[in-house]
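Subject: Structure for your review

Dear colleague,

Please find below the structure I promised to hand over. My notes on what was found in it follow directly after.

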Amino acid sequence: MTSDTTTSEVDMATEDRPTGVESPTERGNPRTAGIDLLPTPDILNTLNREDRTVADAVGRALPDLARAVDLAVDALRAGGRVHYVGAGTSGRLAVLDAAELVPTFNMPSGWFLAHQAGGQRAFLEAVENAEDDAAAGAATIENQAGDNDFVLGLTASGRTPYVLGALRAARRRGIPTALVSANPGAARNAPADIAITADTGPEPITGSTRMKAGSAQKLVLTSFSTTVMIRMGRTYSNLMVSMVATNAKLRGRTISILREATDASEQACSQALSAADGDLKTALVHLLTGVSVDRASAALTNAGGQVRDALSSLES
């Protein structure tokens with residue numbers, strides 16, 4: 001990978017001047033013209049019809065998204081991390097997605113890092129000028145990314161300087177990159193190895209990308225991170241077996257998951273979970289194979305936490 005920017009280009013991107021954005025999201029939407037004249041139920045129905053197009057737009061981007069998943073899995077298996085880099089709505093969605101992975105999948109806290117233009121202040125309020133700072137985006141990656149990492153940029157327009165600065169810095173380092181956007185035009189020239197484009201078209205309300213484009217980025221992020229977790233062995237079949245039971249609801253859920261996966265009784269599942277010190281995977285392997293809890297735990301350790309690989313090793 002080679003650099004595709006210069007210092008002067010980064011400086012130019014941070015100049016305080018109006019910038020026109022050529023993107024489908026910025027075009028007028030004839031289907032919602034006059035929406036402010038409609039009664040409340042009709043406004044909601046109009047918005048809902050627009051929302052129905054989002055999933056199809058994401059579906060067309062899945063081949064490129066799959067390539068990004070594979071790069072992220074390779075990074076994690078090599079001891080690296082996944083970096084989300086975004087601004088505005090895109091960045092806040094990235095922060096939310098990364099935060100939810102730890103309690104949902106018992107993911108190590110360092111696997112996914114989310115970087116938002118404007119920092120923590122921008123989580124709760126708009127710091128819109130921060131997204132124009134390409135140098136800040138570059139510094140984020142230069143200071144925090146390792147050579148084995150993967151960087152995923154998120155910007156509806158595909159042109160946000162903070163995000164592009166981060167991607168260019170990653171490419172200079174030889175770090176694999178991908179860009180999620182709603183703009184096919186920007187995707188063609190994106191400073192990224194993979195362009196994931198969910199072309200959601202004009203927004204219902206022109207001037208904001210928090211609606212269809214934001215929904216598409218939420219779907220992309222959820223699908224991306226969930227698939228990465230599946231590939232990293234954080235599930236067994238479609239069951240969330242890496243979760244940590246930190247409250248009564250989750251403790252009940254662990255028993256339900258064990259019962260569904262093993263057909264064992266509630267009492268047997270409860271006893272197995274207790275013997276495994278609350279480790280759901282160990283209890284699962286113990287119940288499915290009949291080996292001791294200690295042996296089940298050792299098999300999981302040798303299999304890198306992959307339940308199916310642990311089961312195969314015990315059955316061979």
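Two strands are taken to pair if DSSP finds at least two bridges between them. By that criterion β4 and strand β5 (residues 194-197) pair, running in the parallel sense over four bridges. Please note that the model is a predicted one.

**Confidence**

The pLDDT of the protein chain averages 89, and 91% of the residues score at least 70. Among the elements of the chain, helix α4 (residues 62-77) has the highest mean pLDDT, at 98, while helix α1 (residues 7-13) has the lowest, at 39.

Strand β4 covers residues 177-181, and five of its five residues are buried. In a regular strand, side chains alternate between the two faces of the sheet. In β4 both faces are covered: T177, L179 and S181 are buried on one side, and A178 and V180 on the other.

In the pairing with β5, the bridge partner of V180 is I196. Strand β4 is also joined to strand β3 (residues 150-154) by four bridges, and these two strands run parallel. Here V151 stands opposite T177 of β4. Together, β3, helix α8 (residues 161-172) and β4 make a β-α-β unit that is right-handed.

The loop between β3 and α8 contains T155. Is T155 buried or exposed? With a relative accessible area of 3%, T155 falls under the 20% limit and is therefore buried. Leaving aside neighbours within four places in sequence, T155 is in contact with L179, V180 and S181, and also with S90, T160, V163, A182 and Q217.

**Aromatic residues**

How many aromatic pairs does the structure hold? There are four of them. One is formed by Y84 and F112, which are arranged edge-to-face, with 5.5 Å from centre to centre and 75 degrees between the planes. This pair links distant parts of the chain, since Y84 is in strand β1 (residues 82-86) and F112, 28 residues apart from it, is in strand β2 (residues 112-116). Y84 and F112 are both buried. Ring pairs also bring F150 and F224 into a cluster with Y84 and F112.

F112 has a further neighbour in L101, a residue of helix α5. The C-alpha atoms of L101 and F112 are separated by 8.4 Å, the two residues being 11 apart along the chain. Apart from residues within four places in sequence, L101 is in contact with F112, N106, M107, S225 and M229. At 3% relative accessibility, L101 counts as buried.

**Positions annotated in UniProt**

Which residues does UniProt list for "active site"? The entry, which is unreviewed, lists E100 and E131. These two are spread over 32 residues of sequence and are also spread in space, with up to 24.0 Å between C-alpha atoms.

E100 is placed in helix α5 (residues 88-105), the helix that also holds L101. The relative accessible area of E100 is 38%, so this residue is partly exposed.

E131 lies in the loop between α6 (121-124) and α7 (134-144). Its relative accessibility is 24%, so E131 likewise counts as partly exposed. Beyond its neighbours within four places in sequence, E131 is in contact with A87, A117, T160, P161 and Y162.

**A buried glutamate**

E50 is found in helix α2 (residues 40-51). Why does E50 count as buried? Its relative accessibility is 4%, and buried means under 20%. Not counting residues up to four places away in sequence, E50 touches N29, R31, T32, P202, P204 and K212.

With kind regards

Definitions and conventions
Residues numbered from 1 in each chain as written. Predicted model: local features only at pLDDT ≥ 70, side-chain atom pairs only at ≥ 80, totals over all residues. Heavy atoms only, no water. UniProt positions renumbered as here; feature names shortened; annotations may be inferred. Buried < 20%, exposed > 50% of the residue type's maximum accessible area, 1.4 Å probe, protein only. Contact = heavy atoms within 4.5 Å. pLDDT = per-residue confidence, 0-100. Phe/Tyr/Trp six-rings, centres within 6.5 Å; stacked < 30°, edge-to-face > 60°. Right-handed = clockwise from strand over helix to strand, strands pointing away.
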